[in-house]
Amino acid sequence: MAPSRPSMPRWVSRSLWDVVPRDHRDTSGALRRRQAVTIAFVLLGAVVLGISLRIEPGSGWFYPATFALAVVWTIGAFASGPLHLGRIASLRDDDRLVRPVLAPVLLGLGLAGVFVVGALVVREIPWLDRQVRSVLDFADQGSLPLLVLITAVNGVAEEVFFRGAAYAAVPRHPVGWTTVAYVIATLATGNVMLAFAAILLGVVVGLERRASGGILGPVLTHCTWSLTMLFALPLLFGQ
């Protein structure tokens, strides 16, 4: 376990701070290969992401483009090398490790709550309000079931890549560097608010990856957050 931790509820510290013991190290050759694959797919994904969010709302090309992005992240993740689901210490028994399930969902809901409060401020600032509405135009024009599916699929794919392949490719300070990579990829959209969201989300799921040693927690947190925001933001911004 980590030698010290900030004061926080026990389930939060188990999810974000207490690092469980594991042996997931790559050999030198495998690490170099993972790094090369990761860099190539970060660049490719940024291009596809930028294209997908520059498609006109309501266009039939939006769905294929966003699914293509999920395919890019997923192929890149599994091509890079082995991935792990991860475990955290049980709240009832410090010596028993369990898959992180409930805590990541609660973290996703809590993160969504922070964004909802922030949205109340953002909508009062005209140029930031326009940034959010430019993204919400896709939700307004698109099919809701397909948007839910796309949101979930891309949430899984992004975490499998950024907190799976990319995280394992960075020997030092992986939480910070994978957050930076995630933000850079998101900046390809040209949307400041999406990039800001990527910073906060990236730090939280990066800490989950660090604590658990795997991608399950980040996947559940990301999907919970993104699906909650899919339904909450249109209500807040009058879509």
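**Figure 1. Arg 210 and Trp 17 in the predicted model.** The charged end of Arg 210 sits over the ring of Trp 17. The distance to the centre of that ring is 5.5 Å. The structure shown here, as in the other views, is a predicted model.

**Figure 2. Arg 163 and Tyr 182.** Here Arg 163 lies over the face of Tyr 182. From the ring centre, Arg 163 is at 5.0 Å.

**Figure 3. The aromatic pair Phe 161 and Phe 162.** The count of aromatic pairs comes to five. Phe 161 and Phe 162 form an aromatic pair, with 5.1 Å from centre to centre. Their planes are at 85 degrees, and the pair is edge-to-face. Both residues, Phe 161 and Phe 162, are buried. One aromatic cluster is formed by Phe 161 and Phe 162 together with Trp 73 and Tyr 182.

**Figure 4. Surroundings of Trp 73.** Neighbours within four places in sequence are left aside in this view. Trp 73 is in contact with Phe 161 and Phe 162, and also with Phe 41, Val 42, Gly 45 and Ala 46.

Figure 5. In soluble globular proteins, nonpolar side chains tend to be buried together. The largest nonpolar core has 43 residues, and those that touch the most other members are Trp 73, Phe 161, Phe 162, Trp 225 and Phe 237. Helix H8, residues 192-212, gives the most to this core, with seven residues. There is also a second, separate core of seven residues, among them Phe 62, Tyr 63, Ala 65 and Leu 147.

Note on methods. Residues are numbered from 1 along each chain as its sequence is written. This is a predicted model: local features need pLDDT of at least 70, side-chain atom pairs count only at pLDDT 80 or more; totals for chains, interfaces and linings use all residues. Side-chain values use heavy atoms; hydrogens and water are left out. Rings of Phe, Tyr and Trp (its six-membered ring) pair if their centres lie within 6.5 Å; planes under 30 degrees apart count as stacked, over 60 as edge-to-face and the rest as tilted. Buried means under 20% relative accessible area, exposed over 50%, partly exposed in between (1.4 Å probe, protein chains only). A charge sits over a ring if NZ of Lys or CZ of Arg is within 6 Å of the ring centre and within 35 degrees of the ring normal. A nonpolar core is a set of buried Ala, Val, Leu, Ile, Met, Phe, Trp, Tyr and Cys residues joined through side-chain atoms within 4.5 Å. Helices (H or I, at least four residues) and strands (E, at least two) are DSSP runs, numbered from the N terminus. Contact means heavy atoms within 4.5 Å.
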